[in-house]
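Subject: Structure for you to look at

Hello,

Here is the structure I promised to pass on. Please open it next to this email and follow along.

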Amino acid sequence: IKTIDDGINAAQQTPPTARTGYFEVNLGVYNSGSSDGVVKSLASFTFDGGTVSLGSKTWTPVKSHSFANTTFSTWNVSVLGEEAAREQLQNRIKKHEKVHGTLEINMSEKLTSTQIDLSAQD
């Protein structure tokens, strides 16, 4: 028990890692339709400072009446015209500000969205 306690104390003393300003979102997507679908590899996040694009490594297939996980990130995604919004979002993340916005994905030619919060907590 002392070893576990020492490990917990050491972890609590470790300084937090500085935020990079990037974020990723892990999504679970349910396809309620009668045909197979696909989640495309580009998404968008709209917040009070504008809209930034997010990307995933691949398109994610989702069988009919099935569930699939996919991850979108702001890493390595740069869209012309989004520079100011991207910089503002990165600065807010680095400052540990809570950011509320709308994540929009494209699944089989249909747009769907959900509200998300980027937490101020690590």
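Below is what was found, from the whole chain down to single residues.

Some ground rules come before the findings. This is a predicted model, in which local features need pLDDT of at least 70 and side-chain atom pairs count only at pLDDT 80 or more, while totals for chains, interfaces and linings use all residues. Residues are numbered from 1 along each chain as its sequence is written, and side-chain values use heavy atoms, with hydrogens and water left out.

The whole chain

The protein chain has two helices and seven strands. Helices (H or I, at least four residues) and strands (E, at least two) are DSSP runs, numbered from the N terminus. Along the sequence the pattern is α-β-β-β-β-β-α-β-β.

The C-alpha trace spans about 55 × 40 × 20 Å along its principal axes. The radius of gyration is 18 Å, whereas a compact globule of 122 residues would have one near 14 Å. That radius is taken over C-alpha atoms, and the globule rule is 2.2 Å times the number of residues to the power 0.38.

Of the 122 residues, 36% count as buried. Buried means under 20% relative accessible area, exposed over 50%, and partly exposed in between (1.4 Å probe, protein chains only). Take the contacts with a separation of 6 or more: residues 24 or more positions apart account for 63% of them. A contact means heavy atoms within 4.5 Å.

Now find helix α2, residues 83-94. It has twelve residues and reaches 16 Å from its first C-alpha to its last. That is close to the 16 Å expected at 1.5 Å a residue; the expected span is 1.5 Å times one less than the number of residues.

Which residues of α2 are buried? They are A85, R86, L89, Q90, R92 and I93. They cover an arc of only 165° around the axis, which puts them on the same side of α2. The arc is that of the directions from the helix axis to the C-beta atoms. An α-helix has 3.6 residues a turn, so residues three or four places apart point the same way. What covers these buried residues includes β2 (37-47), β3 (50-55), β6 (99-107) and β7 (110-118).

The largest nonpolar core has 22 residues. Such a core is a set of buried Ala, Val, Leu, Ile, Met, Phe, Trp, Tyr and Cys residues joined through side-chain atoms within 4.5 Å. F23, F45, L89 and L118 have the most contacts inside it. At least two core residues come from each of β1 (24-31), β2, β3, β5 (66-73), α2, β6 and β7.

Strands and loops

Strands β6 and β7 run antiparallel, joined by nine bridges. Two strands pair if DSSP finds at least two bridges between them. N106 has L111 in β7 as its bridge partner. The hairpin has two residues between the strands, and S108 takes a positive phi near 50° there.

Two histidines are worth a look. H96 follows α2 and sits in the loop between α2 and β6. Its phi is positive, near 65°. H96 is partly exposed, at 35% relative accessible area. H65 lies in the loop between β4 (60-62) and β5. Phi of H65 is positive too, near 55°. H65 is partly exposed, at 49%.

Last, N31 in strand β1. Is N31 buried or exposed? N31 is buried, with a relative accessible area of 8%. Leaving aside residues up to four places away in sequence, N31 touches D36, G37, V62, K63, S64, H65, S66 and M107.

Best wishes
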